[in-house]
Amino acid sequence: MTDPLSRCFEETRVRGLVLRNRLIKAATFEGKTPGGVPGEALTRLHERIGEGGVGMTTLAYCAAEADGRIHADMMYMHDGIRRQLEALIARVHATGAKVSGQLGHCGNFSKNRELRGHRPLGPSRAINTLGFAAGLPFAGALTVPQIRERVATFATAARFMQSVGFDAIEIHFGHGYAISQFISPRTNRRTDEYGGSLLNRMRFGLEVLEATRAAVGDDFPLLGKISMSDGVRGGVSYADSVEIAAMLEKGGLDVIVCSGGTSSMNPMLLFRGDSLLEGMIEQEKNPLMRAALKLVGPKLFRKYPYEELYFLEQARRIRDRVDCGVCYIGGVCTAESLAAAMREGFDFVQLGRALLFDPDLAAHAASDAAYVNGCTHCNRCATLIEAPGGIECVLRPDNFTVAPRSPA
Ligand SMILES: Cc1cc2nc3c(=O)[nH]c(=O)nc-3n(C[C@H](O)[C@H](O)[C@H](O)COP(=O)(O)O)c2cc1C
């Protein structure tokens, strides 16, 4: 029998896609798309991750439409960036890694001044705290025809992503983005067929999944990232998420990525470690937003000390409930944790911060069962997503600036 750590490094498949191992670079919006255009900096980062030996990297954030962006320096899926995406994907493919794209929509929270109608739209009317300084303090409620249009934008974007060469798509069902705004009873107060029961709150997400599947066909891998809990009173609970996972499996999702938390209500649930608050205050240019952060920040950025495998207990419940692929994410920094995730029966492991610290993690862990990654979970990387040049590991700022390796 293969030992658990070796299982992590064996070739595997999702639908028709062959991956050289079970490690996937998690979606970490890198802030390297000025004007919404992916250029050399983003390409080099993903190429470097590929050189380090992961099975697949995830390009984020890929908005389904222009209005799906939180701000104008995020990509949305359209022909204007076809050439750049094709080039990026070709460079990663040359390393032997595959490329997934995280497809999402910001829904009711946006500070994008280019937004049509100057009001982000979500399941129900809401205050858009993120948009205060941009003059977008309110979010409106989508009408049913607008929901249908939004579903269609996911399908169109997915078709585009397939056409430029993405090997897989990860639909964002979590973290407080558009689909999770519908799933969460905290943000969805609708009384029509899109609100109320869990099935109704799942309707938008399931329609997105169905339309995306129809757009890309049966052989194309679809992953989905969920929040197992919103981490706020009245939100999605860990118990709900087991049912959510079962519905997504029935809807045809190939792999469920088990995350948690929401960017807008409880971000630290997913970013365990040092608080993001101090760094965000430092980076915030708008004095109004800086003052607001100082005021509400301590309540929003709750304390969750870092632990290895911090979502294990909850993700295990999903592993036990569904037969489709399940990907572990959250606090994997050692070869022992990779082995543990394999022993628990997960099919894949996604890693975010650990790969930003050590892009060669796959090679290092494959050859050393005692491997310990040096990420300190200072979370400075996450506070730099809107800094000039985007994110870097502050402990190893040169990780992604070195030239491509020449082929062996
Ligand atoms: C800089 C940074 C940016 C992130 N951006 C995204 C994103 O665009 N989409 C997403 O689903 N998660 C995002 N995340 C969360 C990660 O995908 C992951 O869930 C989290 O970092 C926990 O995994 P880790 O302990 O392996 O880092 C981001 C994380 C970091 C550090």
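A crossing of two helices is right-handed if the near helix is turned clockwise from the far one by less than a right angle, and left-handed if the turn is anticlockwise. In this predicted model, helix α2 passes helix α3 in a right-handed crossing.

**Helices α2 and α3**

- Helix α2 spans residues 40-51 and helix α3 spans residues 82-93.
- Their axes lie 9 Å apart and meet at an angle of about 25 degrees.
- Angles under 35 degrees count as roughly parallel, and α2 and α3 are therefore roughly parallel to each other.
- On the α2 side, the contact is made by E40, L42, T43, R44, H46 and E47.
- On the α3 side, L88, R91 and V92 make the contact.
- By type, the residues of this contact of α2 with α3 comprise 4 charged, 3 nonpolar and 2 polar.

**Partners of strand β6**

- Strand β4, residues 56-63, pairs with β6 in the parallel sense, over 6 bridges.
- Within β6, V99 stands opposite T57.
- Strand β10, residues 168-172, also runs parallel to β6 and is joined to β6 by 4 bridges.
- The bridge partner of G101 in β10 is I169.

How values were computed:
Residues are numbered from 1 along each chain as its sequence is written. This is a predicted model: local features need pLDDT of at least 70, side-chain atom pairs count only at pLDDT 80 or more; totals for chains, interfaces and linings use all residues. Side-chain values use heavy atoms; hydrogens and water are left out. Axes are lines fitted to C-alpha atoms, for helices over the stretch in contact, and angles run from 0 to 180 degrees between N-to-C directions. Helices (H or I, at least four residues) and strands (E, at least two) are DSSP runs, numbered from the N terminus. Angles under 35 degrees count as roughly parallel, over 145 as roughly antiparallel, 65 to 115 as roughly perpendicular and the rest as oblique. Contact means heavy atoms within 4.5 Å. Ala, Val, Leu, Ile, Met, Phe, Trp, Tyr, Cys and Pro count as nonpolar, Asp, Glu, Lys and Arg as charged, and the others, Gly among them, as polar. Two strands pair if DSSP finds at least two bridges between them.
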